[in-house]
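Dear colleague,

Please find below the structure that I am passing on to you. My notes on it follow directly after.

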Amino acid sequence: MYEQQNEKMLFLEITNACNLNCLHCYNSSGKKKNRELSISKIELIIKNFKKIGGNVVCISGGEPFMRNDIIDIVNIILDNGIKDIRLATNGLLINKNNIDILKNFQIVSISLDGFYTEHNKIRNNNCFDKSVEKIKAIMETIGKDRVEISSVLIEKSLDYFESYVKWLMNLGIKHLNVSVPGVFSKKWTNELGDYVLSNEFREKAYKKIKHISRKYANKINISQTLFFRPVDVFNKNVFNCNCYGDLVPSVGGVDSNWIMGKAYISMSRDEAIIKKLKDIQLEMEKKLEEQHHLFWWEELYQQINSI
């Protein structure tokens, strides 16, 4: 979700439920959780966010369209004077009955992870053709400028990454965000197998993505996301709220020790926890400063969740 100046942004996970079971999922989405946010608590969160000058809400999940009341959530945001609403979706639940809801979003970010084999592997579902079909329908409904493709890059897709970018451009895509996953658990390693990128290979991937983004800069905007960023909390203009209403450091993989409050009570974040996170980050940055270590945040993430 490309960011702009003067934004105070809330990433709001409205559900853990998802129609897919993606191998790389940072918060193990799938089944709906028992304590998920009610519509009344979502309204309180939006009101609290508006009080502190919030002007951008990014809705995610899970899969947001697993909630039947998504249009009610959108209307609550609009009724509170927040016009910039963004959406992260796999797009597969979009149909002729609900597609007009997308007209309320300034940016719709849709998951597509390379071509047929790699996309289906990562999403754990043979959904490539349907995903492309939905992307086309969404572009026809809201226009090409408001659609972003969100891709997880794995080793097998790096070799044809430039061809993939050209194919997206031919499709009419103008915005692409690329995430390169790391390894944080044995479970993830076992599931992805040789789809996991080593640090050395990911460094090569970042350089290649940067080169291609410059090469086609006048045709497509390519950005990169660092997977698992526990440092979002240090940005005073970025707030993360999970599907329970917890204010958390980042949108995925957060240990219960780092919950900073309930967003439906207040948007104020626990300063003691923020200080602990800052101290850990400063220690890690100092340790890795001389190494010019590209992946320091992974060690930071692991250290945070080991406490």
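Ile149 stands opposite Leu176 in β6. The strands β5 and β6 pair in the parallel sense over four bridges, where pairing requires that DSSP finds at least two bridges between two strands. Helices (H or I, at least four residues) and strands (E, at least two) are DSSP runs, numbered from the N terminus. The model is a predicted one: local features need pLDDT of at least 70, side-chain atom pairs count only at pLDDT 80 or more, and totals for chains, interfaces and linings use all residues. Residues are numbered from 1 along each chain as its sequence is written, and side-chain values use heavy atoms, with hydrogens and water left out.

Strand β6 covers residues 175-180, and six of its six residues are buried, so the strand is largely enclosed by the rest of the structure. Here buried means under 20% relative accessible area, exposed over 50%, and partly exposed in between (1.4 Å probe, protein chains only). Both faces of β6 are covered: on one side His175, Asn177 and Ser179 are buried, and on the other Leu176, Val178 and Val180 are buried.

Glu148 is buried yet has no salt bridge, and the nearest side chain of opposite charge, Arg86, is 8.1 Å away. A salt bridge is a side-chain nitrogen of Lys or Arg within 4 Å of a carboxyl oxygen of Asp or Glu. The side chain of Glu148 does make a polar contact of 2.9 Å with that of Ser109. A polar contact is a pair of N or O atoms within 3.5 Å; within protein, one must be able to donate a hydrogen and the other to accept it, and residues adjacent in sequence count only if both atoms are side-chain atoms.

Which salt bridges does Arg86 take part in? Glu7, Asp84 and Arg86 are linked in a network of salt bridges. Between Glu7 and Arg86 the closest N and O atoms are 2.5 Å apart. This pair links distant parts of the chain, with Glu7 in the segment before β1 (9-13) and Arg86 in strand β3, 79 residues apart. Between Asp84 and Arg86 the closest N and O atoms of the salt bridge are 2.8 Å apart. Strand β3 itself spans residues 84-89. Arg86 has a relative accessible area of 1% and is therefore buried; Glu7, at 11%, is buried, and Asp84 is also buried.

The structure holds eight salt bridges. One of them joins Asp246 to Lys262, with the closest N and O atoms 2.6 Å apart. Asp246 lies in the loop between β8 (238-241) and β9 (247-248) and Lys262 in the loop between β9 and α9 (271-288), so the pair ties together parts that are 16 residues apart in sequence. Asp246 counts as buried at 5% relative accessibility, whereas Lys262 counts as partly exposed at 25%.

As to the chain overall, there are 10 helices and nine strands. Of its 307 residues, 53% count as buried. Residues 24 or more positions apart account for 70% of the contacts (heavy atoms within 4.5 Å) with a separation of 6 or more.

With kind regards

Notes. Lys, Arg positive; Asp, Glu negative; His and termini not counted.
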